[in-house]
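Work through these exercises with the sequence and the 3D view open. Try each task before reading its solution.

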Amino acid sequence: MKVAVLLSGGVDSSVALRLLKEEGHDVTAFYLKIWLQDEFSFLGDCPWEEDLNFATAVCKQANVPLEVLPLQTEYWENVVSYTIAEIKEGRTPNPDMFCNRLIKFGEFYKKIDNSFEKVASGHYARVEKLSDKYLLKTSPDPIKDQTYFLAYLTQEQLSRALFPIGKFTKRQIRELAKKYELPNMERKDSQGICFLGRISFNEFIKHHLGELPGDIVELETGSIKGKHKGYYFYTIGQRSGLGLGGGPWYVVKKDVSNNIIYISKQDYHNRARKDFFVTKFNWIADKPQSGEQLKVKIRHGAKFYNCVLEYENDKGKVILNQEDQGIAPGQFAVFYKEDVCLGGSIIAE
């Protein structure tokens, strides 16, 4: 097949490229230039040049053509602006969800011609065709599995997606990188929000939203314990960076409209609960029945909960089999049945 490979400069996508080349496919690599390097260079170093250098070296070694595709405008409009808007509303965004749906498997599809039968990436996930439907299935590596971030893909997008490393564990990928003697085989995995690079999250927020001084109030007594620079710099459950003595203090509540941060010495206010509401569903193939027993992830990682999802149209309620302390509005709940990722929803207020 003729395959377009999304190459990031990291080990995972580089191994994906080599596996496809080894299988005899006609491969072209694409590096997506998405971070607004020039406009925000004063905020800190962005590693895109290092990424591109590694991607170039990997392609040269494999004798594969590499194209650099600028998608800054599309990325800003679809991903960065959403992130800023969610933070301003006091919610917890997940830019990677929209990067996958709207950029890597969205705008990128529009930029390349139809002669590319598949678009491959270094995601830890699997695609399986069952009769006339494409299923998104989990990777054998529970920690690295990335189906959570792919839960908003559509049937059309999944039909063209290819995940060559999806059947491997991270350890096996590291071994393959050494076998291929990749130029980046010792490179560490990237962490954090996709578009920030090495830039501080707080610096990024400060640049876009400025500072908004307000009170830090003890929840139980209503007494003012200090000042903060803006509610959007804080997350529920946070216990560092408050600059207060006599702690430990926990951020337990945010009053967005009045710009007040509530704190307590007790972290039980961190909304440990078994149920929450969801909205804006995306079902990849088949919809589950309302009231069905499913598994759910409420953040990326190996942790699943057993749950019941009751829903009608675009609103629903999730009931977990045990409490969780970090259920955050704006984040995503992703549903599973055995090893199939059914789709996702957004956690409501």
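Helices and strands here are DSSP runs, numbered from the N terminus; a helix has at least four residues and a strand at least two. The model is predicted.

**Exercise 1. A loop residue**

Task: Find where Glu181 lies, and decide whether Glu181 is buried or exposed.

Solution. 
- Step 1: Glu181 is in the loop between α6 (170-179) and α7.
- Step 2: Check the accessibility. Exposed means over 50% relative accessible area. Glu181 has 58% relative accessibility, so Glu181 counts as exposed.
- Step 3: Look at the backbone. Most residues other than glycine have a negative phi. Glu181 is not a glycine, yet its phi is positive, about 55°.
- Step 4: Look for another such residue. Lys280, also not a glycine, has a positive phi near 55°. Lys280 belongs to strand β12 (residues 273-283).

**Exercise 2. Helix α3 and its surroundings**

Task: Describe the bend of α3 and name the elements its buried residues pack against.

Solution. 
- Step 1: Trace the helix. α3 covers residues 72-88 and bends by about 30° at Val80.
- Step 2: Pick out the buried side. Val80 is itself one of the buried residues of α3. Others among them are Gln72, Glu74, Tyr75 and Ile87.
- Step 3: List the partners. The buried residues pack against β2 (26-33), β3 (66-70), α4 (95-111), α7 (201-209) and β16.
- Step 4: Look just past the end of α3. Gly90 has a positive phi there, of about 85°.

**Exercise 3. Two helix pairs**

Task: Work out how α3 is oriented to α4 and to α7.

Solution. 
- Step 1: Two packed helices are described by the angle between their axes and the distance between the axes.
- Step 2: Take α3 and α4. Their axes come within 10 Å and cross at roughly 170°. Angles over 145 degrees count as roughly antiparallel. α3 and α4 are therefore roughly antiparallel to each other.
- Step 3: Find the residues in that contact. α3 contributes Glu74, Tyr75, Asn78, Val79, Tyr82 and Thr83. Those of α4 include Pro95, Phe98, Leu102 and Lys111.
- Step 4: Take α3 and α7. The axes are 11 Å apart, at an angle of about 90°. The range from 65 to 115 degrees counts as roughly perpendicular. α3 and α7 are therefore roughly perpendicular to each other.
- Step 5: Find the residues here too. Trp76, Val80, Ile84, Ile87 and Lys88 of α3 meet Phe201, Phe204, Ile205, His208 and Leu209 of α7.

**Exercise 4. Aromatic rings**

Task: Count the aromatic pairs, then classify the pair Phe304 and Tyr336.

Solution. 
- Step 1: Set the rule. Rings of Phe, Tyr and Trp (its six-membered ring) pair if their centres lie within 6.5 Å. By this rule there are 15 aromatic pairs.
- Step 2: Classify the example. The ring centres of Phe304 and Tyr336 are 5.0 Å apart and the planes stand at 90°, so the pair is edge-to-face.
- Step 3: Locate both rings. Phe304 is in the loop between β13 (292-297) and β14 (305-312), and Tyr336 is in strand β16 (residues 332-337). The pair links distant parts of the chain, 32 residues apart.
- Step 4: Compare the accessibilities. Phe304, at 27%, counts as partly exposed. Tyr336, at 0%, counts as buried.
- Step 5: Look for a cluster. Tyr82, Phe98, Tyr152 and Phe332 form one.
- Step 6: Look for charges over rings. Arg160 lies over the face of Tyr109, 5.1 Å from the ring centre. The charged end of Lys253 sits over the ring of Tyr262, 5.2 Å from its centre.

**Exercise 5. Buried residues and their contacts**

Task: For Leu20, Thr28 and Gln331, name residues in contact beyond four places in sequence.

Solution. 
- Step 1: Start with Leu20, in helix α1 (residues 11-22). Leu20 is buried, at 2% relative accessibility. Leu20 touches Val3, Val5, His25, Val27, Ala120, Leu162 and Pro164.
- Step 2: Go on to Thr28, in strand β2. Thr28 is buried too, at 9%. Its contacts include Val3, Val5, Glu67 and Phe116.
- Step 3: Finish with Gln331, in the loop between β15 (315-324) and β16. Gln331 counts as buried at 17%. Among the residues that Gln331 touches are Thr92, Tyr148 and Ile347.

Terms used
Residues are numbered from 1 along each chain as its sequence is written. This is a predicted model: local features need pLDDT of at least 70, side-chain atom pairs count only at pLDDT 80 or more; totals for chains, interfaces and linings use all residues. Side-chain values use heavy atoms; hydrogens and water are left out. Rings of Phe, Tyr and Trp (its six-membered ring) pair if their centres lie within 6.5 Å; planes under 30 degrees apart count as stacked, over 60 as edge-to-face and the rest as tilted. Buried means under 20% relative accessible area, exposed over 50%, partly exposed in between (1.4 Å probe, protein chains only). A charge sits over a ring if NZ of Lys or CZ of Arg is within 6 Å of the ring centre and within 35 degrees of the ring normal. The bend at a residue is the angle between axes fitted to the seven residues ending there and the seven starting there. Contact means heavy atoms within 4.5 Å. Axes are lines fitted to C-alpha atoms, for helices over the stretch in contact, and angles run from 0 to 180 degrees between N-to-C directions. Angles under 35 degrees count as roughly parallel, over 145 as roughly antiparallel, 65 to 115 as roughly perpendicular and the rest as oblique.
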